[in-house]
Amino acid sequence: MNTPKNSQTRIAVIGGGSWGTTLASLISRNANVTLWARDEAVVDEINGAHTHQRYLKDLELNPLLVATTDLSEALTDSHAVLVAIPSHTFRGVFERVAPLVPANIPLVSMTKGLEASTQKRMTEVIKEYCPHHPIGVITGPNLAKEILEGKAAASVLALDDPSAQWLQPLLNVGLFRTYHNSDVIGCELGGILKNIIAIAVGLGDGLGAGDNTRAALITRGLAEVTRLGTAMGGRPETFAGLAGMGDMIATCNSPQSRNRHVGLELAKGKSVEDITSAMNMVAEGVKSAPTVVSLAKKLDVEVPICAEIHRILEGQADATRVYRGLLRVVAGAESAPG
């Protein structure tokens, strides 16, 4: 497709959660953005009050952002589509999106999860329906509220296609900077796998494990992410960058992290069902853990921290006891990335 001019560029963002709404609001400064959300009340609030109180309480959205419940309205004549739908509903929504997407435009996933039934990444799901489109991901240490507040942050656009040359600049807004990486698989996996490590860190934090334990879990967790990520086709250096180490540090340390929150609540003795039902946002690590462990077993890759967290989430182990064994389980030769 021809490179669109910024003032004429139309971007469709599919998904009215915290991250989809935040990025849609940001890039409304650089392009004409239409956000699709399924909830009519949310759409009316965004268009009328320029807020989204459910997910982004007391923060203002760009008044230029337009929201709609009509997929056709959002997608017609768009130059790129960004999809921010949770992994467990991603396919169902994208089935409706695909027939409406203009030919050859880039399709970019913002979702950090795996499809449980097929073990596929979201870019693989997209490719099933739109095999001739350039497909990529936006990922990195991107805590939505901080970004919408205008705090400095960095992200990664992983898109191995010439369209990245005009799309990347649109994603640079204020103190939010977006870097380019051609390793789509590695960047996507980094965003998925770190969520499980963040649950482990939250569990340790909740049980008073200390800073040393947190540092060890993050470091050894990154080794697990790198081992599995490279076995699945990612490049090792990707996991040392924003999409790997950067995202893991943010997710494992921030009070805003949903996955760390799950670990903190597990430390209180709460069940996974009670924790997730009380949350108004999805913690992808809970949903991804069984798939990640299954993939690791299939590829003969050791992921002891992920495996222990999976046991806890499945109710096969006591969360308040198992965390003490997490570092003992992974102790071995200290060499990156193993």
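1. In this predicted model, Asp247 touches Lys112, Thr139, Gly140, Pro141, Gly191, Lys194 and Leu242, leaving aside residues up to four places away in sequence. Asp247 lies in helix 10 and, because its relative accessibility is 2%, counts as buried.

2. The unreviewed UniProt entry carries a "binding site" annotation that covers Asp247 together with Lys112, Gly140, Lys194, Ser257, Arg258 and Asn259. From this set, Lys112 is taken in by the lining of the largest cavity.

3. Arg258, which the record also lists under "binding site", is placed in helix 11 and is partly exposed, with a relative accessible area of 29%. Not counting residues up to four places away in sequence, Arg258 touches Ser18, Met279, Met281, Val282 and Ala283.

4. The largest nonpolar core has 41 residues, of which Ile197, Val262, Leu266, Ile309 and Leu313 touch the most other members. At least two residues of this core come from each of helices 8, 9, 10, 11, 12, 13 and 14, and helix 8 gives the most, with 10 residues. A second, separate core of 39 residues includes Leu35, Val42, Leu157 and Leu171.

5. Val262 touches Ile199, Ile275, Met279, Ala283 and Val286, again without residues up to four places away in sequence.

6. Helix 14, spanning residues 304-313, is mostly covered, since eight of its 10 residues are buried; among them are Ile309 and Leu313, along with Glu308 and His310. After helix 14 comes Gly315, whose phi is positive, near 75°.

How values were computed:
Residues are numbered from 1 along each chain as its sequence is written. This is a predicted model: local features need pLDDT of at least 70, side-chain atom pairs count only at pLDDT 80 or more; totals for chains, interfaces and linings use all residues. Side-chain values use heavy atoms; hydrogens and water are left out. Buried means under 20% relative accessible area, exposed over 50%, partly exposed in between (1.4 Å probe, protein chains only). Helices (H or I, at least four residues) and strands (E, at least two) are DSSP runs, numbered from the N terminus. A nonpolar core is a set of buried Ala, Val, Leu, Ile, Met, Phe, Trp, Tyr and Cys residues joined through side-chain atoms within 4.5 Å. Contact means heavy atoms within 4.5 Å. UniProt positions are given in the numbering used here, feature names are shortened, and annotations may be inferred rather than shown by experiment. On a 1 Å grid over the protein atoms alone, a cavity is a set of points where a 1.4 Å probe fits but cannot get out, and a pocket is an open set with protein on both sides within 12 Å along at least five of seven lines; lining residues have an atom within 4 Å of a point.
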